[in-house]
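Here is a short briefing for a reader who is new to this structure. Please look at the sequence and the model first, then work through the points below.

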Amino acid sequence: MGEPVNLNVGGYVYSTSLSTLQRYPDSMLGAMFRGDIPTVRDAHGNYFIDRDGPLFRYILNFLRTSELTLPCNFKETQLLRKEADFYQIDPLIQCLGDPKPLLPYPTDTYEEVVELSSTRKLSKYSNPVAVIITQLTITTKVHAVLESISSSFTKWNKHMMDTRDYQVSFTFGPCDHQQEVSLRVHLLDFISKAGFTIRNTRVHHMSERANENTVEHHWTFCRRARKVNG
């Protein structure tokens, strides 16, 4: 099991093992404890994560058992889904299903949408799993978001495959798995800090060839904007 790892999640302290936190390597926690994401510690040396502390109990139990167990009267499924989206734990996201549709916006507002998709081709027989090629694409009609991504992620310029109307794409591979996960985590955080919230998440696994698998992830972000009369 190794030495215990102590986490301070929103003021709630949890103890677990490094292997538990790295159970899903593509998750935010997997990237965080692999060294791909900078970490912050509190005054007691605990790793600090500024998220919902009580709900992390269910996140951690899922990491331990790969099973989702909730109380019969559990009423915070929508909040737990947002936490699963934040931590990018795909099997947990699938267990929680698609979120309920939101109520219509007032007539003087409209919805701005950002789509983030990841398509990864993985070698079936390598250990650890090798990424043959992966592509991250951001699609939106909110031009300011695309401009911000293009200007804020300049360290990834060598991976920027294409920039066109409504779309920016990055491509990696082979063997740039950790860099791709790091960029994906930073993009999710960047879009959220721009005022967008995750509407839904989809994961699709395919086998196209005998020696490789294709995994597709898709996130839809939305935010409300006020119409400008002109």
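Predicted model: local features only at pLDDT ≥ 70, side-chain atom pairs only at ≥ 80, totals over all residues.

The protein has 7 helices and 9 strands. Of its 230 residues, 42% are buried. Among contacts with a separation of 6 or more, 63% join residues 24 or more positions apart.

**Helix α3**

- Helix α3 covers residues 56-65, and its buried residues are F56, Y58, I59, L60, F62 and L63.
- These buried residues pack against two strands, β1 (4-9) and β2 (12-17).
- They also pack against four helices: α1 (18-21), α2 (28-32), α4 (77-87) and α5 (90-96).
- S66 follows α3 and has a positive phi, near 60 degrees.

**Y58, a residue of α3**

- Y58 lies in helix α3.
- Its relative accessible area is 13%, so Y58 is buried, the cut-off being under 20%.
- Leaving out residues up to four places away in sequence, Y58 touches T69, L70, P71, F74 and L80.
- Y58 and L92 are 34 residues apart along the chain, and their C-alpha atoms are separated by 10.0 Å.

**Helix α4**

- The buried residues of α4 are L80, R81, E83, A84, D85 and Y87.

**How α3 meets α4**

- Two packed helices are described by the angle between their axes and the distance between the axes.
- For α3 and α4, the angle is about 55 degrees and the axes are 10 Å apart.
- The crossing of α3 past α4 is right-handed.
- On the α3 side, the contact is made by F56, Y58 and I59. On the α4 side, L80, E83, A84 and Y87 take part.
- By class, this contact has 6 nonpolar residues, 1 charged residue and no polar ones.

**The nonpolar cores**

- The largest nonpolar core has 31 residues.
- Which residues have the most contacts inside this core? They are L7, L29, M32, F33, F56, Y87 and I89.
- Elements giving two or more residues to the core are β1, α2, β3 (47-49), α3, α4, α5 and α7.
- With 6 residues, α3 gives the most to this core.
- I89 touches Y24, S27, I59, F62, L63 and A84, residues up to four places away in sequence not being counted.
- A second core is separate and has 21 residues, including L146, F153, W156 and F172.

**S182 in helix α7**

- S182 is found in helix α7, which spans residues 177-193.
- Is S182 buried or exposed? Its relative accessible area is 9%, and buried means under 20%, so S182 is buried.
- S182 touches D36 and W156, again leaving out residues up to four places away in sequence.
- W156 also belongs to the second core.

Key
Residues numbered from 1 in each chain as written. Heavy atoms only, no water. Buried < 20%, exposed > 50% of the residue type's maximum accessible area, 1.4 Å probe, protein only. Contact = heavy atoms within 4.5 Å. Axes fitted to C-alpha atoms, helices over the stretch in contact; angles between N-to-C directions. Left-handed = near helix turned anticlockwise from the far one by under 90°. Nonpolar A, V, L, I, M, F, W, Y, C, P; charged D, E, K, R; others polar. Core = buried A, V, L, I, M, F, W, Y, C linked by side-chain atoms within 4.5 Å.
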